[in-house]
Amino acid sequence: MTDGTARGVGLSPVAALDPPRLSGWGQLGVRARERLDEDLVRLTERAVLSRGLGRSYGDSALPPPSCDEVAGTRLADRILAFDPGTGRIRVEAGVSIGTLVWTFLPRGFFPPVTPGTQFVTVGGAVASDVHGKNHHVAGCFGAHVDELRIRVADGRIVDCSRTRHPDLFRATLGGMGLTGHVLEVAFRMERVPSGWVFHEAERIDDVETFVARLEEAAAAWPMTMGWVDCATRGRGLGRGILQRGRWADPTEAPPSPPSPLPERVVPFSMPNWAINRLTTRIFNELYYRKQIPRSTWGIVHPERFFYPLDALRHWYRLYGPRGFTQYQCVLPKPNAPVKARRFLELLTSRGGASPLCVIKDCGPQGEGILSFPMEGISIAVDLWIDDRTQSLVDALNEYVIDAGGRIYLTKDALTRPEHFRAMEPRLPEFEAVRRAWDPDLTIRSHQSVRLFGDPP
Amino acid sequence: MNIALLGATRGIGRALARLAAARGDRLVLLGRDRGTLERSAADLAARTGRPEPPVVECDLDRPEDFGAAVDAAFDALGGRIDAFVVTAARFATQEALEDDLEETAVLLRVDFTHTIVLCEHVRRRFEAQGGGTIAVFSSVAGDAPRKPVAIYGAAKAGLSHYVLSMDLRHRDRGIRYVCIKPGFVRTQMTAGLPEPPFAADPDVVAARALRAIDKAAPEAYVPAIWRLVMLVIRHLPRAVMRRVGF
């Protein structure tokens, strides 16, 4: 039983596949397995693609159709060096952001950039050039990387940096693992005054105000983001809750560093209908009204601030066996507020309702040739898979192309190659570097076959 | 506590080394390859902010070197070791072993003969020292005849027999043996195998194993549910065991 929507790109709801099966976070997958080894040098010898903790939503970490195996890096999780004087650190690619948080927060250090989940590897953070709530001041993860050790397609192990093989370095930041297997990463941890976060949450009435308030907040706060209700139409479209944060001073923080919070588990897959347009509207209404006063503030646990969804293990099960995807795009300045409203109008008019819609203003584009963020507004929405998802993604992509924006490959499962090419003028530069290191395109993914036109 | 760990660079041993280092135990890491031992030592130093633990090369397939390796491990910790832990072992599926007699011979001698010979070296040092804990990772595979682990299980059955018997002989004199029996653990060793119920992650298994080593409990199933599972399996009629794949 293959879902009609997902069949177009060769993915099936993973629940319907016979083992061995492998999927992205959205639970769309293929028949393939993950080979694991603590020794990345051995593991990547003939591998077609490396995969970290599998948190990319679509098919970025799945093998191409002609291949049924990827190299799973997550057991290669050694920290090779750390200098508490400077924060410089060198790790194997399979170390997770969560390991870094809980190992070094008690010692006054935090990863320089973290995505919305701690369950990603550093290798994955490089491949996706992840961004976080501090993008407007800190840029992407790659901005903090000093050196990468990569196994390239011909089997050589190459160290690259801004001065050695800078082409390979820039292509690998945000290069979706297509330039080679990242073995080791040297980067700088950020020194923090305490392990706790001072946070303010403010209710916002509509999307234009939201974008304006995000911009104001960015000037004064190192961390900002917002949750948007994208189930309400009309004047209240894009209402939501704006979050601002900074690391707490030792004087205002609790005396002891935070410890990891217990997680709750979604024990089994919900039925497909559990999240539908109605339950989404009810959830959004409740979430929007969860705080009585317009503004609240205080000291919060860093996990509550950075990783609210990590508290619910296997939360993908809420969407049921049909699977889901996330659509994330960035809409560039100028006129970002207008573009954001049009985007949400298009989404709601085509019936796309999402319990999770996140909005964030991005700073300037980073060094990574294919790195996602650019100056503007980024919007991310979860979409469950049904008959209309493909056409919705097509329509959103057409709008993003018109607006001069682009999508985040790490989230994507359904974009068409012609749309990708239209929104990605940087692709020829990336492909030139990639072919210089891998003329036969042996390192590739299910996603690169779909979007870049790689050999299957 | 001073702990020597053979097999500390991978899987459960790696998780165990991290837990012990985090709480301040003094470690010496033993393993086959100096390069990977040094990377693991660096990892423990980076994670704890303390100096790198010493490393000693020791290959379970080179019994002629055991005496020197055990002496070197004692020397590295100033002459005293409180617990000597062996997590190293070979594993292959029953199908692979049936196809490859060479590998069968290696697995049997590493997981059974040589592991016991190594423990004997350690016991002699512990007798001179006046006591100590020898903790050996056996497996639930040695608890009952089962289709998927006939050969590997035979080696582990023999190993469990040795460890549990030696504990009877020597516990009164201060040499305490801990037979640790993990169930299915998600490591590189088991990657790609179909996952049975009660599969566990290495850090969970390591935490419970470390508690058993602290208490010097003679036998520890990790996770604990496997004690019950194996109790049931041992009492199932052979007619049933012939029909199930477990």
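**Strands around β16(A)**

I began with strand β14 (residues 197-204) of chain A, which pairs with β16(A) in the antiparallel sense over eight bridges. The model is a predicted one, and I read each entry below with that in mind.

I then checked strand β15 (residues 223-228) of chain A. It also pairs with β16(A), antiparallel, over six bridges. Here I noted A:M225, whose bridge partner in β16(A) is A:Q243. Strands of a sheet pair through backbone hydrogen bonds, either parallel or antiparallel.

Next I looked up burial along β16(A), which covers residues 240-247. Six of its eight residues are buried, so the strand is largely enclosed by the rest of the structure.

**A parallel sheet in chain A**

I moved to an open sheet of three strands in chain A, ordered β4-β6-β5, with parallel pairing. The edges are β4 (33-36) and β5 (50-51); each has a single partner strand, so one side of each is left without a neighbour in the sheet. I counted two bridges between β5(A) and strand β6 (residues 69-72) of chain A, which run parallel. In that pairing A:S50 stands opposite A:A71 of β6(A).

**Chain A as a whole**

I listed the secondary structure of chain A: 14 helices and 23 strands. Its radius of gyration is 21 Å, close to the 23 Å from the globule rule for 456 residues, so chain A is as compact as a globular protein of that length. I took the extent of the C-alpha trace along the principal axes and got about 60 × 55 × 45 Å. Of the 456 residues, 54% count as buried.

Among contacts in chain A with a separation of 6 or more, 73% are between residues 24 or more positions apart.

**Cores**

Which members of the largest nonpolar core touch the most other members? I found A:V126, A:V185, A:A340, A:I379 and A:V381, in a core of 124 residues. I followed up A:V381. Beyond its neighbours within four places in sequence, A:V381 is in contact with A:C230, A:Q326, A:Y327, A:L347, A:G352, A:S354, A:L356 and A:C357. Another core lies apart from the one that holds A:V381. This other core has 71 residues, including B:L97, B:F126, B:A141 and B:I175. In soluble globular proteins, nonpolar side chains tend to be buried together.

**A:L168**

I placed A:L168 in helix α6 (residues 166-172) of chain A. A:L168 has 22 other C-beta atoms within 10 Å and is buried; the cut-off is 20 or more. Leaving out neighbours within four places in sequence, I found A:L168 in contact with A:I150, A:V158, A:C160, A:T179, A:V433 and A:W437. I also took the C-alpha to C-alpha distance from A:L168 to A:R434: it is 7.8 Å, across 266 residues of sequence.

**Contacts between the chains**

I looked up the contacts between the two chains and found twelve residues of chain B in contact with 15 residues of chain A. By class, the chain B side comprises four nonpolar, four polar and four charged residues.

**Backbone exceptions**

Most residues other than glycine have a negative phi, and most peptide bonds are trans. I went through the exceptions chain by chain.

In chain A, the peptide bond between A:K333 and A:P334 is cis, with omega about -5 degrees. I located A:P334 in the loop between β20 (324-332) and α10 (336-349) of chain A. A:N335 is found in the loop between β20 and α10 of chain A, and has a positive phi of about 65 degrees although it is not a glycine. Is A:N335 buried or partly exposed? A:N335 has 13 C-beta neighbours inside 10 Å and counts as partly exposed.

In chain B, a cis peptide bond runs from B:V222 to B:P223, with omega near -15 degrees. I located B:P223 in the loop between β7 (219-222) and α8 (225-235) of chain B. B:A216, not a glycine, has a positive phi of about 55 degrees. I placed B:A216 in the loop between α7 (202-215) and β7 of chain B. With 20 C-beta neighbours inside 10 Å, B:A216 counts as buried.

Key:
Residues are numbered from 1 along each chain as its sequence is written. Chains are lettered from A and ligands numbered from 1 in the order in which they are written. This is a predicted model: local features need pLDDT of at least 70, side-chain atom pairs count only at pLDDT 80 or more; totals for chains, interfaces and linings use all residues. Helices (H or I, at least four residues) and strands (E, at least two) are DSSP runs, numbered from the N terminus. The radius of gyration is taken over C-alpha atoms; the globule rule is 2.2 Å times the number of residues to the power 0.38. A residue is buried if 20 or more other C-beta atoms lie within 10 Å of its own, exposed if 12 or fewer, and partly exposed in between; C-beta atoms are placed from the backbone. Two residues are in contact if their C-beta atoms, placed from the backbone, lie within 7 Å. A nonpolar core is a set of buried Ala, Val, Leu, Ile, Met, Phe, Trp, Tyr and Cys residues joined through C-beta atoms within 7 Å. Ala, Val, Leu, Ile, Met, Phe, Trp, Tyr, Cys and Pro count as nonpolar, Asp, Glu, Lys and Arg as charged, and the others, Gly among them, as polar. Two strands pair if DSSP finds at least two bridges between them.
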